[in-house]
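Dear colleague,

I am passing on the structure we spoke about, together with some notes on what came out of it. Please have a look at it before you read on.

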Amino acid sequence: MKITEIRIHLMGEERLKAFASVTFDDSFVVRNMKIVEGAKGVFLCMPSRKLPDGSHKDMVHPINQEFRKYLEENILKAYQEELAKNPSGVSPKSDDDAPAAEETNLPSADK
């Protein structure tokens, strides 16, 4: 499975740096992956939903470490490239891939 497109939507917040949408094989898209600033730098969070008990569960996730590394490396590279184009850390206004405000939940533990 190959990544055929990555879209980055910069947020410019203290911890939530950006959202990423990734297209695989020009056939399947995963939206609202989060790029978060943690104690050891930025890392990638999978899209999740809030459970009735208040915890969060990933909706999608890599099955093996090799694919996780491939995904993270490519998304974080695209994030750095987008950041270089928009040093303010905020994407220009666009309705294309802007995530809903309710989807900005961050993980409780830093990596």
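Predicted model: local features only at pLDDT ≥ 70, side-chain atom pairs only at ≥ 80, totals over all residues.

The chain holds 1 helix and 6 strands, and their order along the sequence is β-β-β-β-β-β-α. Of the 111 residues, 32% are buried, while the accessible surface of the chain amounts to about 7,300 Å², with 49% of that area belonging to carbon and sulfur atoms. Where contacts link residues at least 6 apart in sequence, 45% of them join residues at least 24 apart.

As for the pairing, strand E2 (residues 16-24) runs antiparallel to strand E3 (residues 28-38) over 7 bridges, and within this pair Ala-20 has Met-33 in E3 as its bridge partner. E2 and E3 form a hairpin with 3 residues between them, and in that turn Asp-25 has a positive phi of about 50°.

Thr-4 counts as partly exposed because its relative accessible area is 35%, a value between the limits of 20% and 50%. Leaving aside residues up to four places away in sequence, Thr-4 touches Thr-23, Phe-24, Asp-25 and Asp-26, so that Asp-25 of the E2-E3 turn is one of its contacts. The C-alpha atoms of Thr-4 and Val-29, which are 25 residues apart along the chain, are separated by 9.7 Å.

Notes
Residues numbered from 1 in each chain as written. Heavy atoms only, no water. Helix = DSSP H or I, 4+ residues; strand = E, 2+ residues; numbered from the N terminus. Buried < 20%, exposed > 50% of the residue type's maximum accessible area, 1.4 Å probe, protein only. Contact = heavy atoms within 4.5 Å. Areas by Shrake-Rupley, 256 points an atom, 1.4 Å probe, with all protein chains shown as cover. Pairing = 2+ DSSP bridges.
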